[in-house]
Amino acid sequence: MKRLLKSSLLALMASLSLGALAQEATIRKNLAERLPNLPKIDEVTKTPMDGLYEVRINQSEIFYTDAGGNFIIQGNLIDTKARVDLTEQRVEKLTAIEFKDLPLKDAFTIVRGNGKRKVAVFEDPNCGYCKRFERDLAKVDNVTVHVFLYPILSQDSADKSRHIWCAKDKGKAFLDWMVRDITPPAANCDASALVRNVEFGKKMRITGTPTLIFANGNRVPGAIPQERIEKLLAEAQP
């Protein structure tokens with residue numbers, strides 16, 4: 001009897017698996033035929049909503065479709081019972097960056113206190129939100145900040161980033177500008193790190209500044225206040 005039940009269960013699981021593969025194949029085929037300009041589909045997965053499937057393209061872009069690929073929906077899927085934005089959760093997971101994978105050689109560090117807590121931040125020197133963020137971050141102690149200059153707003157951003165990167169004391173030149181509005185003196189050196197930062201950011205879909213990466217891989221966009229910085233640093237502690 002146990003063997004029979006086990007065999008039946010295995011058969012059911014195999015049937016469900018084959019059914020899921022067939023469903024995915026149908027969605028892929030129909031969308032590819034009907035939307036020839038659609039980028040290559042990375043993944044098709046069933047969502048918690050009956051009859052709705054998640055389609056992922058370009059590594060972290062998400063839209064939804066029905067079982068036959070007859071309709072597509074662009075927008076966020078909200079679990080009203082749990083009051084959770086499922087799309088946002090999924091994108092956060094897809095875009096998480098392992099701290100160990102950050103190219104820290106292309107950043108400089110600012111250490112406060114014992115420096116035990118760690119955070120990396122991508123910032124454009126002409127970003128007003130970044131300046132506001134730096135004023136809040138200056139109040140946080142016992143932290144090591146890895147600063148990635150990320151000049152994406154203008155040519156002047158690239159020039160200021162180069163002057164900061166080539167300064168004798170990068171951290172001082174950066175904070176002088178971001179917190180005290182002291183223009184960094186002109187300086188030149190090998191600033192290829194800035195090009196690599198922009199390339200890395202585009203690859204990882206960092207589209208705005210500031211963007212923070214915490215030690216646990218959590219990515220947070222925007223100029224968050226001191227209280228939230230402290231909370232996220234605590235959560236990232238091993």
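I counted Lys and Arg as positive and Asp and Glu as negative, leaving out His and the chain ends, and I took the place of a charge as NZ of Lys, CZ of Arg, CG of Asp or CD of Glu. On that basis I found 36 positive and 30 negative side chains in the protein chain, with the centres of the two sets 5 Å apart.

I note that this is a predicted model, in which local features need pLDDT of at least 70 and side-chain atom pairs count only at pLDDT 80 or more, while totals for chains, interfaces and linings use all residues. Residues are numbered from 1 along each chain as its sequence is written, and side-chain values use heavy atoms, without hydrogens and water.

Next I looked up the overall form. The radius of gyration, taken over C-alpha atoms, is 23 Å for the protein chain, whereas a compact globule of 238 residues would have one near 18 Å (the globule rule being 2.2 Å times the number of residues to the power 0.38). Along the principal axes, the C-alpha atoms fill a box of roughly 75 × 45 × 30 Å.

I then turned to the interior. Buried residues (under 20% relative accessible area, 1.4 Å probe, protein chains only) make up 41% of the 238.

Lastly, setting aside neighbours within four places in sequence, I listed contacts (heavy atoms within 4.5 Å) of Trp165, including Phe108, Leu149, Cys189 and Leu194.

Conventions
Buried means under 20% relative accessible area, exposed over 50%, partly exposed in between (1.4 Å probe, protein chains only).
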